[in-house]
Amino acid sequence: MTETPVIEVDHLTKKFGSFTAVDDVSFDIHAGEIFGFLGPNGAGKSTTIRSLLDLIRPTSGACRMFGLDSRRDAVEIHRRIGFLPSDLALYPNLTGRQTVQYLGGIRGGVDWGRVDALAERLDADLTRKVGEYSSGNRQKLGIIQAFMHAPEAVVLDEPITGLDPLVQLEFHTMLREMADAGGTVFLSSHTISEVERVADRVGFIRRGHLIAVERMSELQDKALRRITLEFGAEVPVAAFQGIEGVHEASAEGTTVTAQYEGSMAPLLTVATQHDVLSVSSASVDLDEIFLEFYRDEVVAAGDDPDEPGERGAESEAVAERA
Ligand SMILES: Nc1ncnc2c1ncn2[C@@H]1O[C@H](COP(=O)(O)OP(=O)(O)O)[C@@H](O)[C@H]1O
Ligand SMILES: [Mg+2]
């Protein structure tokens with residue numbers, strides 16, 4: 001593909017003090033694509049998005065949109081995109097309509113007929129004060145402001161939070177329509193089912209590392225039962241031979257390739273005992289792969305005394321298809 005990607009994240013690293021929230025992450029998103037950015041709470045999704053949109057400064061690496069530099073050309077980029085942050089700040093005393101008028105006035109170029117159509121599609125009530133809104137209604141307002149100027153690309157940080165299932169469906173239809181019309185959708189999510197339903201490609205982020213980027217259709221291709229594992233150091237291939245379901249395993253440097261049947265769980269169990277950096281595969285059961293990717297996070301639920309509520313919710317979300 002020679003066309004310039006709409007979104008480029010290029011060796012992005014972001015540290016907060018000595019803590020590395022995003023570690024050397026690179027991926028591209030092309031026009032017409034819905035890219036799902038999947039990872040549990042704290043994985044580094046919002047930090048990646050904030051860096052992409054110049055809301056925080058990367059420690060190293062660069063991001064581009066439309067071939068423009070995220071930092072130098074931030075104003076032009078923001079003009080051309082819609083953004084739904086994970087922590088949308090709204091004035092509680094404005095009504096929904098006043099909020100959209102205020103945000104649209106700052107931005108300019110808003111088609112008010114489009115705003116009404118969006119509100120109708122999402123079943124959003126714009127007459128009440130935002131302070132009285134449910135979380136779902138706040139999120140609808142956030143979606144309306146992200147789409148109101150018919151942007152070329154949207155960056156959506158966990159957009160379906162609080163939306164009821166019917167509205168989620170309508171919203172996902174909107175995303176597909178946008179991508180079919182040549183627009184670009186960058187969608188972060190911590191729920192397996194959302195990404196599976198809507199994304200063309202999915203990037204799996206875990207503890208600041210992008211561990212895999214896969215085309216959804218390939219993940220879903222039942223015929224493929226091949227897995228490639230990248231490690232931080234050489235791993236004895238013997239470790240992968242004789243595992244239940246594994247027919248063939250070979251190693252070249254720090255890369256291990258295997259053919260397997262049935263569940264990939266035993267293989268991943270062995271892999272995670274070593275310094276595994278990335279996994280690429282396709283399997284009969286998507287849910288199983290996803291759960292295995294994030295097994296540590298699910299097991300760790302409740303272990304974190306700082307965020308018991310969030311972690312609890314996370315384990316549910318990651319495990320919801322189990
Ligand atoms: N401003 C900050 N200062 C310190 N740590 C932060 C800051 N923002 C995020 N982090 C940490 O970075 C990690 C990734 O956070 P984030 O990108 O928000 O994850 P996600 O959006 O995937 O839930 C988390 O451990 C979080 O606590
Ligand atoms: Mg986040």
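1. In this predicted model, a polar backbone atom of glycine 42 lies 2.7 Å from an oxygen atom of ligand 1. A backbone N or O atom of glycine 44 is 3.0 Å from an oxygen atom of the ligand. Threonine 47 contributes through its side chain, with a polar atom there placed 2.5 Å from an oxygen atom of ligand 1.

2. On its own, ligand 1 has 560 Å² of accessible area, and the protein covers 61% of that. Two elements, strand E2 (19-29) and helix H1 (45-52), each give two or more residues to the shell around the ligand. The largest share comes from H1, which gives three residues.

3. The surroundings of ligand 1 consist of Phe16, Phe19, Ala21, Pro40, Asn41, Gly42, Ala43, Gly44, Lys45, Ser46 and Thr47. Sorted by class, five residues of this shell are nonpolar, five are polar and one is charged.

4. A separate point concerns the second largest pocket, whose volume is about 450 Å³. The pocket is lined by 18 residues, and those closest to its centre are His78, Phe83, Leu103, Arg107 and Gln145.

5. Which elements supply at least two residues each to the lining of the second largest pocket? They are helix H2 (74-80), strand E6 (81-84), helix H3 (96-107) and helix H5 (135-147). In the lining of this pocket, 10 residues are nonpolar, six are polar and two are charged.

Methods:
Residues are numbered from 1 along each chain as its sequence is written. Chains are lettered from A and ligands numbered from 1 in the order in which they are written. This is a predicted model: local features need pLDDT of at least 70, side-chain atom pairs count only at pLDDT 80 or more; totals for chains, interfaces and linings use all residues. Side-chain values use heavy atoms; hydrogens and water are left out. A residue is near a molecule or strand if one of its heavy atoms lies within 4 Å of it. A polar contact is a pair of N or O atoms within 3.5 Å; within protein, one must be able to donate a hydrogen and the other to accept it, and residues adjacent in sequence count only if both atoms are side-chain atoms. Accessible areas come from the Shrake-Rupley method with a 1.4 Å probe; for residues, only the protein chains shown count as cover. Helices (H or I, at least four residues) and strands (E, at least two) are DSSP runs, numbered from the N terminus. Ala, Val, Leu, Ile, Met, Phe, Trp, Tyr, Cys and Pro count as nonpolar, Asp, Glu, Lys and Arg as charged, and the others, Gly among them, as polar. On a 1 Å grid over the protein atoms alone, a cavity is a set of points where a 1.4 Å probe fits but cannot get out, and a pocket is an open set with protein on both sides within 12 Å along at least five of seven lines; lining residues have an atom within 4 Å of a point. Grid points are joined across faces, edges and corners, and a volume is the space filled by probe spheres set on the points.
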